[in-house]
Amino acid sequence: RETILYNREEGKVYRSEDLKAIVPYRCTFGYDVIVEVGKAIFQRCLNNNEIKAELLRKNISISDREISFLGKKFIVYLAIAHRASSEGLKNALQLNGGFILHLDGTCEKDSPHLIVGLDEISKLVLDSIKLPSEKSEELIPFLSKLKDTYGNPVALVMDMGKGLLLAVKKVFPDIKVFICHFHFLRDIGKDLFEVEYLKIKNHLKTYKIRTSLRMQAKVLGKEIKGDIPKINELGVNIENNTLNLEKLRHSYKTLVYILIHWALDTSSQLNGYGFPFDCNHFVFYKNLKILSNTITQLLKRCGLNKDSKILERLQNSLKEVLEDKKLCKTVDIMEEKLEVFQKLRQALKIAQPDSKKGLNDNGEDEDIKTIENKVKNFLSELKSRDDLKNKQDYEKLITQIEKYWDKLFADPILVKTQDGEMYIQPQRTNNILEQFFRELKRMFRKKSGVFSLNRVVKAILSETPLVKNLGNKEYLQLILNGCQTLEERFSQIDYKIVHDELKKAAIE
């Protein structure tokens, strides 16, 4: 409650100064509730029901709609405090010897592109924006704003997006640009064998082999009695494609049932990198060959009996797929291309074929010159090979590597810090941002159950990535500007500015 005083002689209205310090103008909820809700949503990933329950224990009744609105308010207040502290942030970056700017965007289907600029050294989000596309004309104003606010970075790390490369060349013409090795490899792989991979996928889909295997496994599952063992208990060496029938203590039905499920379960046989590093349908085709060879051994072993009919039926299903000449030819071509691609992965020391790091792979910790020499050797070997099919595809690969050579390999950068001169080597990947985007998606999935990145990007304010910085104590001190808490800092911000920002966000 507020007591408003009116001075008739002066014709002035006097409002409570204490109230202004704890509640925004004409608002029901104070700064403490705004901060509580903001932290609950963006740092603790609580959903609306959990937030309502927590606040109710403090005698605060609030609706779902109000929680969402206060969450947006929190981001707006944080963004205004961030912008007001830009000079202090710039000075802090300079004390580190400057900043290495990582640029990346995320989108899904028809969602806007959420573009984020992050400093590799301090791990701080410097700015973010939502744009309709990643065209250079859209990106140039954003990059120009970053330049005006923080100055030139000592280097940039990004993917191979044409729009982004053009915009960076325009705004930062003299700054070293590094291409993310992971993105580079991914694009190389797609260009090299995506055509063959899609052909394999479509062929397998035409034969409906997955459906056939599931149906046969279902029938076998009903006939099997007792516990079903794990595949490593069956005497099967999948990698060497051998079967120790002498040690087999289970029925052939059990063995075939387990092998069918193994053949279908390709996801557990991948490394979590996604295509082109993981080739789900190609792995499935290879599994079918192993399954077929195993059944051939079993048929020789068991002769003609009731089990042989089950095996023959399954073998016939596989035979139709594996004897498709067009499919076999496509598989042979892809196998050759995969071999070349694996060698490039090994040379670049990233996303190694036997690695299980998945999308968190930042590459092996090896000297950049050593990696450069290994890629040179890879190119020399590739150019000298005359046994390769579709030679023109490999010529494109070579051209692509040579085109981006200067952006893939560079010497460490000399910078001046408060502790003197030092060399820094930019990260070889843009994973620092990729990981952040995945965290953002997980956060909203946990909060609302929404799996679609499309809906997440459409719903959030463009400054939402700034919440990542709140875990940094130095950053928090900068934006607090002498205040003890975020609540106190927010109370110093003119609510008219907040109101205008919220109206602008509602229109967008």
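Lys343 has a relative accessible area of 29% and therefore counts as partly exposed, a class that lies between buried (under 20% relative accessible area) and exposed (over 50%), judged with a 1.4 Å probe and protein chains only. This residue belongs to a predicted model, in which local features need pLDDT of at least 70, side-chain atom pairs count only at pLDDT 80 or more, and totals for chains, interfaces and linings use all residues. Residues are numbered from 1 along each chain as its sequence is written, and side-chain values use heavy atoms, with hydrogens and water left out.

- Side chains of opposite charge can pair when their charged atoms come close.
- The model holds 15 salt bridges, each defined as a side-chain nitrogen of Lys or Arg within 4 Å of a carboxyl oxygen of Asp or Glu.
- One of them joins Lys343 to Glu339, with 3.4 Å from N to O, and Glu339 is itself partly exposed at 36% relative accessibility.
- Both Lys343 and Glu339 sit in helix α13 (residues 325-348), where they are four residues apart, about one turn of the helix; helices here are DSSP runs of H or I with at least four residues, strands are runs of E with at least two, and both are numbered from the N terminus.
- Lys343 and Glu339 also belong to a network of salt bridges that links them with Glu381, Arg385 and Asp387.

**Salt bridges between separate elements**

- Glu36 pairs with Lys58 in a salt bridge whose closest N and O atoms are 3.0 Å apart.
- Because Glu36 lies in helix α2 (residues 31-42) and Lys58 in the loop between α3 (48-56) and α4 (64-84), this pair ties together parts that are 22 residues apart in sequence.
- Glu36 has a relative accessible area of 26% and is partly exposed.
- Arg83 forms a salt bridge with Glu501, and the closest N and O atoms are 3.0 Å apart.
- This pair links distant parts of the chain, since Arg83 is in helix α4 and Glu501 is in helix α21 (residues 495-507), 418 residues apart.
- Arg83 is partly exposed, with a relative accessible area of 36%, and Glu501 is partly exposed at 23% relative accessibility.

**A nonpolar surface patch**

- Ile4, Tyr6 and Val13 make a nonpolar surface patch of about 310 Å².
- Ile4 is found in the segment before β1 (5-7) and, at 45% relative accessibility, counts as partly exposed.
- Patches are made of residues with over 30% relative accessible area and no salt bridge, with like charges joined within 9 Å and nonpolar side chains (Val, Leu, Ile, Met, Phe, Trp, Tyr) within 5 Å.

How values were computed. Accessible areas come from the Shrake-Rupley method with a 1.4 Å probe; for residues, only the protein chains shown count as cover.
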